[in-house]
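The following questions and answers examine how two protein chains meet. Please look at the sequence and the structure before reading on.

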Amino acid sequence: MFVMNDEDVLAGHQQELRRGTVVIAALATLKTPGYGYGLLAVLEKSGLSVDANTLYPLLRRLEKQGLLSSSWDTTDSRPRKMYSTSDAGRKLLQQLESEWNSLTQSLNTLRTEDPKNLLKELS
Amino acid sequence: MKTLTNRYITAVIHAVPESQRNDVQAELAAAIADLTDARLEAGASPQEAEHSALLELGDPMRLAAEYSNRKLQLIGPDHYPTYIRLLKVLAATVLPIAGTGIIIANLLTGADAGDTAAKTIVTLIQLTVQLFFWVTVVFAILERNQAPKSMYPAWDPSTLPDPPQGGVKLGDTIASIIMSLVGVAYLVWQHFRSPFTDAGGAPVPSLEPSLWSLWIPVMIAGLLTGAVVEFLRYRAGGWSWPFVGLNAVTGLLVVVPLVWLAATNSLLNPPMVERLVALGWHDAALHINVSVIVIAVGILVWELIDSTRKVRTDAAARTKHSNSNPS
């Protein structure tokens with residue numbers, strides 16, 4: 001059988017795990033209006049590196065869903081599309097955050113409790 | 001020549017719906033400029049910076065698909081199971097039916113065996129390609145349009161295939177039925193087509209024409225009944241003693257006349273044998289008669305042994321199957 005090397009396996013699982021977090025990060029960061037590259041740099045700095053070709057289309061999708069509002073900032077010589085989290089976006093962010101917290105809690109319980117006890121309850 | 005950036009933007013916005021083009025173009029231009037600037041600040045040369053910025057954004061077709069939510073697959077996971085199931089069903093029904101139809105039609109209209117085989121193979125290949133192509137086209141269109149939910153039926157456990165267990169393979173059944181039909185087709189065909197013609201130009205049948213008054217119809221009936229029995233056996237889930245009996249009867253219906261006629265040298269058409277002798281095959285009648293007897297008896301004996309042997313295993317498999325599936 002073909003076995004993937006450990007790094008590929010790790011990278012694959014990491015990617016799966018991170019996929020949903022970009023939305024939370026974007027909605028949270030854009031409570032302060034920002035443009036694509038600015039957000040990319042902020043996320044990168046805070047350790048959540050996202051590919052540019054994932055982030056730009058994502059912003060557009062969130063805008064289409066009404067979670068982000070946008071306007072063109074033409075004060076700079078380079079016109080940029082500024083995004084900011086809409087009311088609907090803030091509400092969704094709250095829901096996602098509470099989901100995130102409950103996931104963390106569940107995982108913590110599973111990791112700390114003796115698995116034997118949990119299995120015993122099942123049987 | 002346009003800059004790489006311009007060419008990249010053009011490639012992306014061409015693949016984005018008209019309504020989004022201006023917006024995507026402006027945003028993408030700013031994005032590339034920002035990404036390039038960041039690299040310039042890090043000390044890259046202008047060329048390197050542009051190149052690596054575009055590399056980060058990746059294949060324009062992929063990016064455009066992300067922007068416009070377009071599918072990057074011909075048939076996606078929503079439709080794939082239905083697609084594969086439909087292809088299998090069509091391949092298992094249309095191809096054997098069409099193949100048998102072509103063989104019979106060709107033989108009846110008087111094509112020779114080699115010609116028929118070649119035509120059948122070519123037509124089946126074409127048919128397979130056509131089936132595959134059109135089913136794929138329909139599903140690719142479905143994939144690209146929001147089909148109503150009813151278009152992709154929800155899977156339900158009750159739709160699980162319930163194949164007869166224990167040695168009954170659909171392929172075997174189909175092969176066996178086709179063999180029977182080919183046998184029927186040959187019996188009919190040999191009367192109208194022949195490698196030899198008489199003085200008047202009419203074909204010389206291989207089998208004694210007077211046999212049409214009784215024995216050839218009996219053998220045709222035996223072959224056709226055999227095909228029906230084979231089908232019923234598949235439906236019933238394998239061999240059981242009644243089927244062994246039925247199969248033996250239909251087999252004997254074909255083999256007994258064949259062996260009797262061959263043994264009494266009344267199977268072959270004498271003018272046909274004369275032609276073969278004239279060609280230098282002096283013992284043609286003897287050789288053919290002996291071969292017919294050996295092959296016919298061989299097939300019958302094998303069928304009987306094989307069906308008897310499988311009664312037990314098929315019955316066991318059926319019981320096990322119905323136990324695990326109480327409905």
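Q: How many residue pairs are in polar contact between chain A and chain B?
A: This is a predicted model, in which local features need pLDDT of at least 70 and side-chain atom pairs count only at pLDDT 80 or more, while totals for chains, interfaces and linings use all residues. Residues are numbered from 1 along each chain as its sequence is written, chains are lettered from A and ligands numbered from 1 in the order in which they are written, and side-chain values use heavy atoms, with hydrogens and water left out. A polar contact is a pair of N or O atoms within 3.5 Å; within protein, one must be able to donate a hydrogen and the other to accept it, and residues adjacent in sequence count only if both atoms are side-chain atoms. Between chain A and chain B, with both residues at pLDDT 80 or more, the number of such residue pairs is 11.

Q: Which element of chain A gives the most residues to the side that touches chain B?
A: Helices (H or I, at least four residues) and strands (E, at least two) are DSSP runs, numbered from the N terminus. Helix 3 (36-45), helix 4 (52-64) and strand 3 of chain A each supply at least two residues of this side. The element that gives the most, with seven residues, is helix 4 of chain A.

Q: What area is buried between chain A and chain B?
A: The size of an interface is often given as the accessible area lost when the parts come together. Here, buried area is the accessible area (1.4 Å probe) that two parts lose on being put together, summed over both. Carbon and sulfur atoms give 51% of the area buried between chain A and chain B, and that area is about 1700 Å².

Q: How many residues does the contact take from chain B?
A: Contact means heavy atoms within 4.5 Å. Chain A brings 16 residues to the contact, and the number from chain B is 19.

Q: Which residue of chain B forms a salt bridge with K81(A)?
A: A salt bridge is a side-chain nitrogen of Lys or Arg within 4 Å of a carboxyl oxygen of Asp or Glu. Between chain A and chain B there are seven salt bridges. In the one formed by K81(A), the closest N and O atoms are 2.5 Å apart, and the partner is D23(B).

Q: Why does the salt bridge between D34(B) and R78(A) join two chains, and where does R78(A) lie?
A: The closest N and O atoms of D34(B) and R78(A) are 2.9 Å apart. The pair joins two chains because D34(B) lies in helix 2 (residues 21-41) of chain B, whereas R78(A) lies in the loop between strand 2 and strand 3 of chain A.

Q: Is D34(B) buried or exposed?
A: Buried means under 20% relative accessible area, exposed over 50%, and partly exposed in between (1.4 Å probe, protein chains only). R78(A), at 22% relative accessibility, counts as partly exposed. D34(B) has 5% relative accessibility and therefore counts as buried.

Q: Which residue stands opposite R80(A) in strand 3 of chain A?
A: Two strands pair if DSSP finds at least two bridges between them. Strand 2 (residues 68-73) and strand 3 of chain A run antiparallel and are joined by six bridges. These strands form a hairpin with six residues between them. The residue opposite R80(A) is D73(A).
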